[in-house]
Amino acid sequence: MSGAREPAEETIIISPRTLHSATVIFVHGLGDSGRGWKAVTGILGADPTLYHVKWVLPTAPIRSVTINYGVEMPSWYDIYDRELTGPQDEEGMMESARTLYALISAEIDAGLPANRILLGGFSQGGTMSILAGLSCEHKLGGIVVLSGRVPLPDKFSTLVKPQNKTVPIFWGHGKEDVMVKYMHALRSAELLRVTVGVPQAAAGAPQDGGLDFHAYDGIQHSTTPQELRDLKGWLQKVIPGPLQLQLL
């Protein structure tokens, strides 16, 4: 890992519209910022069933990125190999994981139970979310991975805390993704199930824990309205607000 500098932007907070009872920390991808996901999280948060959710959108530190010829940009860790099959920046990943742990701890210190906190992200942010979410000392309410992958496959299972194997996980990936290829998603899902021991989520009951995997035909390295609808439905069950609890 090359020396990283402070983020160019402060963490963005989108306050809940009603009584705060859940928080989603959403982590952006390479070269982006927390501000870049404000519109998407705003769309999700505009649904009355998610009015109780606070959204926390951090921005990565600035660092030199090898695959981009050393250009400096917001990045949670360095990337050495476009095929994502070679050495990985473990030091940078673990440094960023500690940043995410701190955001989680801040929510807990403010009085929110860990099972009402979700960690998620897109691409590099999704990769960081599965790493930090499963290695966290606290068992979170859920993890979201959009167009990401499991990092450090040779040692990932040793980083996972036993209590986190049953955390609900939403995984969405486009089958035509050329940046983080679909095969990486399939291999990641297999590693989670076979090596780590993450169960398959029960149909219609993601709140009970396990991996809920969604593949999208014809989609490249981006999110889609269908994926966001699927994610919203998952959020409504995993961190239900007053409207959902009335129906239980």
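This is a predicted model: local features need pLDDT of at least 70, side-chain atom pairs count only at pLDDT 80 or more; totals for chains, interfaces and linings use all residues.

Colleague: By class, what does the lining of the largest cavity have?
Modeller: That lining has 11 nonpolar, 1 polar and no charged residues. Ala, Val, Leu, Ile, Met, Phe, Trp, Tyr, Cys and Pro count as nonpolar, Asp, Glu, Lys and Arg as charged, and the others, Gly among them, as polar. A cavity here is a set of points on a 1 Å grid over the protein atoms alone where a 1.4 Å probe fits but cannot get out, and lining residues have an atom within 4 Å of a point.

Colleague: What is the volume of the largest cavity?
Modeller: About 80 Å³, counted as the space filled by probe spheres set on the points, which are joined across faces, edges and corners.

Colleague: Which residues line the largest cavity?
Modeller: Among them are Trp37, Trp55, Gly120 and Leu146. Helix H6 gives the largest share, 3 residues. Helices (H or I, at least four residues) and strands (E, at least two) are DSSP runs, numbered from the N terminus.

Colleague: And the second largest cavity?
Modeller: About 60 Å³. Its lining has 4 nonpolar, 3 polar and 4 charged residues, including Asp78 and Arg149.

Colleague: Switching topic. What is the strand order in the sheet?
Modeller: S1-S3-S2-S6-S7-S8-S9, open, with mixed pairing. Two strands pair if DSSP finds at least two bridges between them. S1 and S9 are the edge strands.

Conventions. Residues are numbered from 1 along each chain as its sequence is written. Side-chain values use heavy atoms; hydrogens and water are left out. On a 1 Å grid over the protein atoms alone, a cavity is a set of points where a 1.4 Å probe fits but cannot get out, and a pocket is an open set with protein on both sides within 12 Å along at least five of seven lines; lining residues have an atom within 4 Å of a point.
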